[in-house]
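Please look over the chain shown here before reading on, and keep its helices and strands in view. The paragraphs after it move from the whole chain to particular elements.

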Amino acid sequence: MKSFIRSTYVDGVAVTTRLTAAAALLSTGLAFLPATAQAEDILIGVITKTEANPFFAKIREGATSKAAEIGGVKIQSFAGKFDGDNDSQVAAIENLISAGAKGILVVPSDTKALVSAVEQARKAGILVIALDTPLEPAEAADATFATDNFKAGELIGSWAAKTVADPSKSKIAFLDALENQPTVDVARDQGFMKGFGLDPKDVTRYLDEDDKRIVGHQWGQGSEEGGRTGMETLLQKDNEISVVYTINEPTAAGAYEALKAAGKDGSVIITSVDGGCPGVKNVKAGVIGATSMQYPLKMASLGVEAIVDYIKTGKKPAASPGLPFFNTGVTLVTDKPVAGVESITSDEALKACWG
């Protein structure tokens, strides 16, 4: 039976419960609002991939803070049980339709499978904005607020190519997210390849490359445990890996533990994407060589503002010029800068991490 995690924010405190999909569908109206909610309050749902990942925690925090600042807005938060848990996200959307939500901010786990549920929400008059990860097709949502994930990958790839002694002799391991290759996963992976000087072939997918420097891909599900086991598998395939690309910083932390256990922590460059405060501290500590910083608080805050503005004016948010989404920005963080790749230090990044 489908189930999902729901967090209700009351005075900034998260109250988390797990409900079955059937229970979700039986709930209607204001049953999902905190006791203090008023009938005229705008209900906005925030659906992330998981509950525990700190990036998604920042998205919930950004949405909740902006709702409190605006006033008259209530946030209902949901998350999957694991990265890739589409059933929980579908159940959350069904729940929000029944609850009379006016807007949904969603970080899709399965960018294709979630489309039909999003279409149902939009038919019910709900404005749906994808955060961080575009749907497939992207037009399935009313708008997307995201990092330029291809650029994020390209930045760390360019940095790595200019940091290694000889890029032509590098052996590169890829710790991606999921085998079904969600859009954000592909964009970062393929951006890294372009930045490093690998031919990405079809940039809408990976695994079609034939460059002999690529040792292989493993799927860490965006977690530290997944990063560790994925790195162990790739080291068994080739013990001479010199560069590691990771989908996010928890994955990078796990990869480092595997490299350290193998006695290779000082000889392998690890790159990543996120820019969370723990990840930036790992840059400062030398665990991660470079990471691309995202801005999830800004992403979620702008999403809440856009939904409220739409309710008041009927105007949908526009994409950034030349892009199919609204670009919320990306910055390279490293303590080993290279010529031609703009970056900030870990000390500078710690003042701005996940703002």
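Predicted model: local features only at pLDDT ≥ 70, side-chain atom pairs only at ≥ 80, totals over all residues.

Residues are numbered from 1 along each chain as its sequence is written, and side-chain values use heavy atoms, with hydrogens and water left out.

The secondary structure of the chain comes to 11 helices and 14 strands, where helices (H or I, at least four residues) and strands (E, at least two) are DSSP runs numbered from the N terminus. Of the 355 residues in the chain, 57% are buried, a term that stands for under 20% relative accessible area with a 1.4 Å probe and protein chains only, exposed being over 50% and partly exposed in between. Among contacts (heavy atoms within 4.5 Å) between residues at least 6 apart in sequence, 70% join residues at least 24 apart.

Two packed helices are described by the angle between their axes and the distance between the axes. Axes here are lines fitted to C-alpha atoms, for helices over the stretch in contact, and angles run from 0 to 180 degrees between N-to-C directions. The axes of helix H2 (residues 54–70) and helix H10 (residues 296–313) are 7 Å apart, at an angle of about 40 degrees. H2 and H10 are therefore oblique to each other, given that angles under 35 degrees count as roughly parallel, over 145 as roughly antiparallel, 65 to 115 as roughly perpendicular and the rest as oblique. The residues in the contact of H2 with H10 include Phe55, Ile59 and Ile70 of H2 and Leu297, Val304 and Val308 of H10. By class, this contact divides into 11 nonpolar, 2 polar and 4 charged residues, with Ala, Val, Leu, Ile, Met, Phe, Trp, Tyr, Cys and Pro counted as nonpolar, Asp, Glu, Lys and Arg as charged, and the others, Gly among them, as polar.

Helix H7 (residues 224–237) and helix H8 (residues 249–261) have axes that come within 6 Å and cross at roughly 45 degrees, which makes H7 oblique to H8. Among the residues that make the contact are Gly227, Met231 and Leu235 of H7 and Pro250, Gly254 and Ala258 of H8; by class, the contact has 7 nonpolar, 3 polar and 4 charged residues.

H8 itself has 13 residues that should span 18 Å at 1.5 Å a residue, and its end C-alpha atoms are 18 Å apart, which agrees; the expected span is 1.5 Å times one less than the number of residues. The buried residues of H8, including Tyr256 and Leu259, pack against strand S8 (172–176), H7, strand S10 (243–246), strand S11 (269–274), helix H9 (277–284) and strand S12 (290–293). H8 is followed by Gly263, whose phi is positive, near 75 degrees.

Helix H5 (residues 149–163) reaches 21 Å from its first C-alpha to its last, close to the 21 Å expected for 15 residues. Its buried residues include Leu155, Ile156 and Trp159, and what covers the buried residues of H5 includes helix H6 (183–196), S10, S11, S12 and strand S14 (331–334).

Gly103 lies in strand S5 (residues 103–106) and is buried, with a relative accessible area of 0%. Leaving aside neighbours within four places in sequence, Gly103 is in contact with Leu43, Ile44, Gly45, Ile126, Leu127 and Ile307. Gly103 and Ile311 are 208 residues apart in sequence, yet 8.8 Å apart in space, C-alpha to C-alpha.
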